[in-house]
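Let's take a walk through this protein, one part at a time. Have the 3D view open while you read.

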Amino acid sequence: MNVSGPVSAPQSYFSMPHVLMLGPYPDWDMLPMEASYRLHKLWEQEGSDTLAENRNSVRAIATRGELGANKALIDALPNLEIIACYGVGTDAIDLPTARERRIRVTNTPDVLTGDVADIAVGLALATMRRLPAGDAHVRSGAWAQGNMGLVTRFHGKKVGIVGFGRIGSTIARRVSGFDVEIGYFDRSARSDAPHLFFPDILALAAWSDVLIVTLAGGASTHKLVGAEVFRALGPKGFLVNVSRGSTIDEPALLDALESKIIAGAGLDVFWNEPSIDPRFAAIDTVVLQPHHASGTVETRQAMGQLVRDNLAAHFAGRPLLTPVA
Ligand code: 8YV
């Protein structure tokens, strides 16, 4: 077809709100996002001045848990109204700046709780039973030369849960089926939790065979799990972290693993993701995951839907589904 003269896009395109996306979502989210918003994809625009060109138009940021939205970015967008986060953790979003500017923030709680609890249990089992080492033993043919060494039992052990919110309490329900004893550390005892409450994290670590960290990230939990906790957990104790890398003093953890102060660790989150400390790769008592606790098709579809529902509610003037307090 020979088109002469300027081609006009449908008017509705020009009335679509401008949304700045900081990282990609799966295709099943990108298609409906493209249909409803004028998207500016920051990851495709590296080095260009897309931000400068569109800074006055952008009314929403669509981000992910680990990408957040920092002060410099929020400050660069004078007409920003909402930050929608694909993830429950909002620690990488500058909430005080958002609050000051009356910018709404939403996240995706609940829909990912079950998956994060599942991977916490999976990491405890994988680390204590050394499942990756067993897999390697079979694949490499080493089995023909001799049996794999013995491992540590999970059922019947003492499981300490650090942080007893949605995810921590779901882990408690999951592991109840393994006949374990459950203890937890949180700001205060939960009247609805029939488990041992430890107001002191060191006391919980000393009691636990496996310590599972589910704390929210942020300044108040920064490096809360450090060298003293590892010493209290001891050489037969295991650590699992499905929260944020920041909740753990990572150099102290690496030291504790290398010098066998603790028995092992199952880790989904790290400092400096995705370029994590190379020391981890040389330690054979760790099981590592690429920040993938919520990474199932089912949960990611629900997370994407919730981000889009929050954005749609905002632009239609309806109450947000999952505002961050
Ligand atoms: C996601 C997360 O991996 O919920 C969070 O806070 O960090 C994770 O569920 C992430 O947001 C997806 O990119």
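**Where two domains meet**

Between domain 1 and domain 2 there are 2 salt bridges, a salt bridge being a side-chain nitrogen of Lys or Arg within 4 Å of a carboxyl oxygen of Asp or Glu.

Before going on, a word on the model: it is predicted, so local features need pLDDT of at least 70 and side-chain atom pairs count only at pLDDT 80 or more, while totals for chains, interfaces and linings use all residues. Residues are numbered from 1 along each chain as its sequence is written, and side-chain values use heavy atoms, with hydrogens and water left out.

So which stretches are we talking about? Domain 1 covers 13-111 + 297-315, and domain 2 covers 113-288; such bounds come from an automatic or database domain assignment. Their C-alpha centres sit 32 Å apart. For the contact (heavy atoms within 4.5 Å), domain 1 gives 8 residues and domain 2 gives 6 residues.

The two domains bury about 580 Å² between them, with 38% of that from carbon and sulfur atoms. Buried area here is the accessible area (1.4 Å probe) that two parts lose on being put together, summed over both. On the domain 1 side, D91, D110 and T299 supply 64% of the area buried against domain 2, more than any other three residues.
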